[in-house]
Amino acid sequence: MKKLSVFMLVLCCFSILAACSTDPVKKDLITYVNEGMLPLGQDEKAVTEKYEAATGDNYTDDLTLYNTLNDEIIPEYTKFVDKVEAVKTETPEVRAVHEIYIKAVNTQNEAFIKLVDALDKQDLNLVNESNAKLSEGRKLFRDFEEQVKTLAKEHDVEMNKK
């Protein structure tokens, strides 16, 4: 898996800009992206880099991956999940979008935990289950990204490269 969270990396490159508006969803979406999610980008990037450094072409052995997951990735990603879950929204529309993201990060965290179990038990079926969870998480991240774009379009919010 090359990237853990496609959207967070895209989000790091984008901010949402808009003129003053009385649309509460528009205001909430702008605040959500710029103040709620963009600051979390560095946290996720740090964990993503550690995961990539231990998997794929960088994989060395099961013990190294096990220790990296157990000692670094899972504790850091769990803190990241807590920060994501703490992000506040003002409108049901933005909250619904955020709930997709919460589900995505929790799914990904479950995949990491399952992978540790798979490595511990040397169980290929658990590895496959972990990979399926990672795929599910990626799909949820894509769904989240699409919903943010849709909500932005519906409320005349322009996404600009930062």
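Student: Where is Gln-122 found?
Tutor: Gln-122 lies in the loop between helix 5 (92-121) and helix 6 (124-154). Helices here are DSSP runs of H or I with at least four residues, strands are E runs of at least two, and both are numbered from the N terminus. This is a predicted model, where local features need pLDDT of at least 70 and side-chain atom pairs count only at pLDDT 80 or more, while totals for chains, interfaces and linings use all residues. Residues are numbered from 1 along each chain as its sequence is written, and side-chain values use heavy atoms, with hydrogens and water left out.

Student: Is Gln-122 buried or exposed?
Tutor: Gln-122 is exposed, because its relative accessibility is 55% (buried is under 20% relative accessible area, exposed over 50%, partly exposed in between, with a 1.4 Å probe and protein chains only).

Student: And what is the phi of Gln-122 near?
Tutor: Near 50°, a positive value in a residue other than glycine.

Student: What about Asp-156, where is that found?
Tutor: In the loop between helix 6 and strand 2 (158-161). Asp-156 has a positive phi too, about 55°, although it is not a glycine. Asp-156 is exposed, with 59% relative accessible area.

Student: Switching to packing: at what angle do helix 3 and helix 4 cross?
Tutor: The axes of helix 3 (residues 41-54) and helix 4 (residues 62-86) cross at roughly 160° and come within 10 Å.

Conventions:
Axes fitted to C-alpha atoms, helices over the stretch in contact; angles between N-to-C directions.
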